[in-house]
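Please look through the sequence and the model below before reading on.

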Amino acid sequence: MYAATSPIAAARPGRVPALGVSYEGRDPELLSMMLAHVDYLEVTPETIAEVRGEQIVLSPEIVTELKNAGRDVKIVVHGVSLSIGSHNGWQSTYLRLLDKLMSQVNVSWHSEHLGYTRVDDQHLGIMLALPRTEQVLDLVCERVLRLNSTFGIPFLLENIVHVLPPYPQGYSPAAFLNAIAARTGCGLLLDIYNLECDAHNHGLDIPAFLAELNGRAVRELHLACGVEHNGFLLDVHSKLVRPCTVALAQQVLTGVAPQAELVVYEFMPEAVPGLGREAIGCELARLRDSLGGAC
């Protein structure tokens, strides 16, 4: 059990959110540059793990990087493979890595995607959104409560891109998130680009979604940019953030979730050569100026 911290912070109008960035290790030059611009690093346990012998373990070198960085910034964890919605149980390997990371690095809070990556213990190779039914709500809430009890630090769930058309019955997207937060006390991580993908691909009404969403539960925002393929927006974190995405984030911070504590810019390490370290630094400086002015 880890030391508990307070649940979702009370709204503080006019509060400027902190800025964070994703980091997957083994790029000291990039890390040094980013630390000059951010308040938080977001780390994903699976991406800093490696196979040694017959076991999957955290990279000792990257853990050391995070410990050193923790002197200057705070650390948050964002998982991708827990598969919280799998009918036959979540991924125990992820929980083991999370537990090991939290025992070595001071983590402010952790989060996961509201979706599933496994069916009958077989990995799908993709993340899919859950049907928004009462049965799935019960399953997810029970698991969120277990995470809260086990780790004792705030836990957030993120809205994900619908690769397939949404299941036609049950809760609306915002109402489903609201219900989970209300039942469990967990926070919400609002991915702005994911909303734009769902609007482009499946006609999500973003203004209606935001009007229905319980903004008081939103603790963190994600910004990213992917690619368009055959007219379909893909959630591939490979580009600088579009102006429309920044504008939507400003709208959320101003009118929907003014108490949100953190905005994270996400990009894949494979995108660094194409983007360039200098461009990433300039992007972080731009986002800090833009989002600070939103509040």
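**A helix, its neighbours and the barrel**

Helix α4 lies across strands β6 (107-113) and β9 (155-158), and runs at about 145° to β9; contact here means heavy atoms within 4.5 Å, while axes are lines fitted to C-alpha atoms, for helices over the stretch in contact, with angles from 0 to 180 degrees between N-to-C directions. Helices (H or I, at least four residues) and strands (E, at least two) are DSSP runs, numbered from the N terminus. This is a predicted model, in which local features need pLDDT of at least 70 and side-chain atom pairs count only at pLDDT 80 or more, whereas totals for chains, interfaces and linings use all residues. Residues are numbered from 1 along each chain as its sequence is written, and side-chain values use heavy atoms, with hydrogens and water left out.

Helix α4 (residues 134-151) also packs against helix α5 (residues 173-184), at an angle of about 40° and with the axes 10 Å apart. The two helices are therefore oblique to each other, given that angles under 35 degrees count as roughly parallel, over 145 as roughly antiparallel, 65 to 115 as roughly perpendicular and the rest as oblique. On the α4 side, the residues that meet α5 include Val 136, Leu 137, Val 140 and Cys 141, and among their partners in α5 are Phe 176, Ala 179 and Ile 180. By class, this contact has nine nonpolar, two polar and three charged residues, where Ala, Val, Leu, Ile, Met, Phe, Trp, Tyr, Cys and Pro count as nonpolar, Asp, Glu, Lys and Arg as charged, and the others, Gly among them, as polar.

Turning to the strands, a closed barrel of eight strands runs β1-β2-β5-β6-β9-β10-β11-β14, with parallel pairing, and the twist averages 25° from one strand to the next. Two strands pair if DSSP finds at least two bridges between them; β10 (residues 187-191) and β11 (residues 218-223), for instance, pair in the parallel sense over four bridges, and Asp 191 stands opposite His 222 in β11.

Two loops deserve a look as well. Most residues other than glycine have a negative phi. Asp 121, however, in the loop between β7 (115-119) and β8 (122-129), has a positive phi of about 65° although it is not a glycine. Asn 230, found in the loop between β12 (227-229) and β13 (232-234), is likewise not a glycine and has a positive phi of about 50°.

Taken as a whole, the secondary structure of the protein comes to ten helices and 14 strands.
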